Amino acid sequence: MLRTATLGSPAAPARHAVESPYAWWRLAVSLLLMTIGGSGMYSVTVVLPAIQAEFGIDRAAASLPYTLTMIGFGLGGVLMGRMADRFGVLVPVAVGGVALGAGFIAAGLAPGMWTFGLAQGLLIGLLGTSATFAPLVSDTSQWFDRRRGTALAICMSGNYVAGAIWPPVMQHFIDAAGWRHTYIGIGVFCLLSILPLALFLRPRPPLAVAAPAPSPEAAAAAASGTSRPMGLSPATAQALLCVAGVACCVAMSMPQVHIVAYCTDLGFGAARGAEMLAVMLGMGVISRLVSGWISDRIGGLKTLLLGSVLQGVALLMFLPFDGLVSLYLVSAMFGLFQGGIVPSYALIVRQHFSPAEAGARVGTVLMATLFGMALGGWMSGAVFDLTGSYRAAFLNGIAWNALNLSIVLFLLHRVHVLARRRAA
């Protein structure tokens, strides 16, 4: 199969072709970068009890820096995605490395809650972590065709590898040296590691000819053309994906953001909560890899449907079980069930929209998922403050998960209608 030119550059040499050994090597570097950059997403959940105590604020206010981080993360995904479309992925990743380092150091030196929140939202979220997420996902999608779902799952596993590694590491240093010194140390580490790794991403991706679609979903996309994704206008299709992304991640954020605080309230301690978060996100790595393999066979929408159903089941399990051992088990179940949801959105975009718009469209849909995490993180804290319990917050997450499920079912119905028309 002939591989054509890169975006605005001469044809890529064979060693830089789609699914070449270099593409897999590049994927490994992207995985490492996302793991390091993911520190900005999970750090604030670990220090939530510490900053609540130090600044003398309630649970909802202590959750606000997480919300600001995720809003910045989401908006930054679109900004950095467009930057990657224009200049290549090296530029946004390098910007992100500098911003993450500066953000962690500034947050560690923050004299008050608002300074801490702004450092989290602007430097760590908007300019930092976002640069090691959406641009890397979009870039990876353009280096693979037959194994695109698997490659995206591996790349986005970095987000969960970060969640498995950073919380216990951070909690150890917080207990030993305090949260401020821990933040400053992470900032220095990000500066020294991300910038050299970014240099491995200099070659631009080849604009690959798509491989034959393996699923009815992709066949329907090919039949309708990218001008009518899923039989809808591009704006309508993307809007529905964005609403679905918000809904699923409001549900997803409840355990991820509040498990440390939840364990503290139950008397198990913050360290046990950090371990549960690590177990949850470690199982999420397995979930993402398995879901990537599944999505290469059944398509992104069906994989998203499967993940949505299983996430709802796992959320229900938090209601009757609040013992230490049972919470470890339910946390592992939650991670195993929901890890494949977010990568499915990137695959859906690549199957149904133009590859020339990959950075911006993937960034927009992922922005919606991050807004969902931001909204859910704050909302769960607010519900806790109103009710004095996390039970209502879990029920709120289940309701949002049902909204996600209904949208996915509608989009699948549209795809099946297109497939039947094509067959007729």
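## Exercises on a predicted model

Leaving aside neighbours within four places in sequence, L241 is in contact with M230, Y345, I348, V349, F353, V365 and L411. Keep in mind as you work that this structure is a predicted model.

**Exercise 1. Find M230, one of the contacts of L241. Where does M230 lie, and is M230 buried or exposed?**

Solution. 
- Step 1: Look in the loop between α9 (216–224) and α10 (234–265), where you will find M230.
- Step 2: The relative accessibility of M230 is 0%. Buried means under 20%, so M230 counts as buried.
- Step 3: Now check the backbone: phi of M230 is positive, about 60 degrees, although M230 is not a glycine.

**Exercise 2. Turn to E19. In which segment is E19 found, and why does E19 count as buried?**

Solution. 
- Step 1: E19 is found in the segment before α1 (21–37).
- Step 2: E19 has a relative accessibility of 14%. The cut-off for buried is under 20%, so E19 counts as buried.
- Step 3: Phi of E19 is positive too, near 60 degrees, and E19 is a residue other than glycine.

**Exercise 3. Describe the surroundings of Q120. With which side chain does the side chain of Q120 make a polar contact?**

Solution. 
- Step 1: Start in helix α5 (residues 113–128), which holds Q120.
- Step 2: Q120 has a relative accessible area of 0% and is buried.
- Step 3: The side chain of Q120 makes a polar contact with the side chain of Y183, at 2.6 Å.
- Step 4: Apart from neighbours within four places in sequence, the contacts of Q120 include G40, S43, V44, P65 and T69.

**Exercise 4. How do helices α11 and α12 cross, and which residues make the contact?**

Solution. 
- Step 1: The axes of α11 (residues 270–298) and α12 (residues 300–317) come within 7 Å and cross at roughly 135 degrees.
- Step 2: That angle makes α11 oblique to α12.
- Step 3: From α11, S291, I294, S295 and I298 make the contact, and from α12, G300, K302, T303 and L306.
- Step 4: Sorted by class, this contact has three nonpolar, four polar and one charged residues.

Notes. Residues are numbered from 1 along each chain as its sequence is written. This is a predicted model: local features need pLDDT of at least 70, side-chain atom pairs count only at pLDDT 80 or more; totals for chains, interfaces and linings use all residues. Side-chain values use heavy atoms; hydrogens and water are left out. Axes are lines fitted to C-alpha atoms, for helices over the stretch in contact, and angles run from 0 to 180 degrees between N-to-C directions. Helices (H or I, at least four residues) and strands (E, at least two) are DSSP runs, numbered from the N terminus. Angles under 35 degrees count as roughly parallel, over 145 as roughly antiparallel, 65 to 115 as roughly perpendicular and the rest as oblique. Contact means heavy atoms within 4.5 Å. Ala, Val, Leu, Ile, Met, Phe, Trp, Tyr, Cys and Pro count as nonpolar, Asp, Glu, Lys and Arg as charged, and the others, Gly among them, as polar. Buried means under 20% relative accessible area, exposed over 50%, partly exposed in between (1.4 Å probe, protein chains only). A polar contact is a pair of N or O atoms within 3.5 Å; within protein, one must be able to donate a hydrogen and the other to accept it, and residues adjacent in sequence count only if both atoms are side-chain atoms.
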